[in-house]
Amino acid sequence: MQINKDFTIQKVGASYVAVPVGETSKSFHGMVRLNETGAFLWKLMAEKDCTEEELVDALLAEYEVEREIAARDVHRIVEQLAENKIFI
Amino acid sequence: MFVIELAGVRIRIENRYSFIERQCRDFVCEGEDAAFAVSVTNDEILEEQKHGEFSDGYCESICLYRHICEELPAYNVFLMHSSVVEVDGYAYAFTAKSGVGKSTHTALWLKNIPNARVLNGDKPLYRLEPDGSLTACGTPWNGKENWGENISAPLAAICFIERGAENRITPAVEEDVIGRLMHQLYLRGSRQSVAQQLCLMDALVRAVPYYVLECNISDEAAHVAYNAMRKS
């Protein structure tokens, strides 16, 4: 999965907010709200095409969580982003 | 061509129609130097006219403000769709989905709260100050009621309005605030401008208390809101 480059993401209050810029802002109205884990994964997928497994590994390298939980979180966030048609 | 000052920023308006000159009358300033200039192409005016039967001059004005609001985040100034009432030196902002009753509630303040006057009824600007506080600033774009003045005041609170049978005001939680604000901010322009706008939004959520007001159209609605939001 790789995220459409036409987004910018910033921390707003305690959450992260991603909004479209450029051409994408004409077709995508609104925003994507993410927690810290979501924003971490977002940034990875904005840099390069990642598989779910690579994302789980990256999460485990950064946070003290069990693989099972990390895998579940990654899957949930990837699904949510796919529903919002965020991927290229 | 003329220069106006909005929220402390000097802007050169390169216009083709005189509509904008009449509209900006109270905001014109001397001299030609400006932080930036804005102009509108014919295509943009034609595009705007697809939304309804408006004059060229009116469409030029709408497009000019859009460009202005894309440039202003670089100066720590941003647009938030809202109605702002000034009372005794402080600004109180109301925002709501279109049609909920911002104007009706604003009118209740004018009727019931001594010294209340409208700073801007629709499209005020907000300036982030170095100390993290916000100043609400009047603009020539002030909605169909044409309520507004060339004044500014420190922002005391922001209130999200909803219709209710009874009048009740409660503090809004931050999670809720971000979702509600998102619909009222103008997040357009270049990547840099949108990113800066989001930084300003981060300052905005920290700057003032937020409330949710469920209200009807009685005089009591204004008193309930003002008593909770009041800063002195």
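**Close-up 1. Helix α4 of chain A has V74(A), I77(A) and L81(A) as buried residues.** Here a residue counts as buried if 20 or more other C-beta atoms lie within 10 Å of its own, as exposed if 12 or fewer do, and as partly exposed in between, with C-beta atoms placed from the backbone. Viewed down the axis of α4(A), the buried residues fall within an arc of 75°, so they line one face of the helix; the arc is that of the directions from the helix axis to the C-beta atoms. On the other side of α4(A), you will find E68(A), R76(A), E79(A), A82(A) and E83(A), which are exposed.

A word on the model before we go on. This is a predicted model, in which local features need pLDDT of at least 70 and side-chain atom pairs count only at pLDDT 80 or more, while totals for chains, interfaces and linings use all residues. Residues are numbered from 1 along each chain as its sequence is written, and chains are lettered from A and ligands numbered from 1 in the order in which they are written.

**Close-up 2. The surroundings and length of α4(A) come into view, with its buried residues packing against α2 (36-47) and α3 (52-62) of chain A.** Helices (H or I, at least four residues) and strands (E, at least two) are DSSP runs, numbered from the N terminus. The 17 residues of α4(A), residues 67-83, should span 24 Å at 1.5 Å a residue, and the end C-alpha atoms are 24 Å apart, which agrees. The expected span is 1.5 Å times one less than the number of residues. Just after the helix, K85(A) takes a positive phi of about 55°.

**Close-up 3. Chain B is assigned domain 1 (2-75) and domain 2 (77-229).** Such bounds come from an automatic or database domain assignment. The centres of the two domains of chain B, taken over C-alpha atoms, are separated by 23 Å. Across the boundary, 15 residues of domain 1 are in contact with 17 residues of domain 2, where contact is defined as C-beta atoms, placed from the backbone, lying within 7 Å. Helix α3 (residues 56-71) of chain B provides the largest share of the domain 1 side, three residues.

**Close-up 4. N76(B) sits in the loop between α3 and β4 (77-79) of chain B.** N76(B) counts as partly exposed, with 19 C-beta neighbours inside 10 Å. Leaving aside residues up to four places away in sequence, N76(B) touches R127(B), L128(B) and L200(B). N76(B) and L200(B) are 124 residues apart in sequence, yet 7.0 Å apart in space, C-alpha to C-alpha.

Close-up 5. D88(B) is partly exposed, with 13 other C-beta atoms within 10 Å. N115(B) counts as exposed, with 8 C-beta neighbours inside 10 Å.

**Close-up 6. Chains B and A meet, with 14 residues of chain B in contact with 14 residues of chain A.** On the chain B side, α5 (174-182) and α6 (191-207) each supply at least two residues. Helix α6(B) gives the most, with eight residues.

Key
Contact = placed C-beta atoms within 7 Å.
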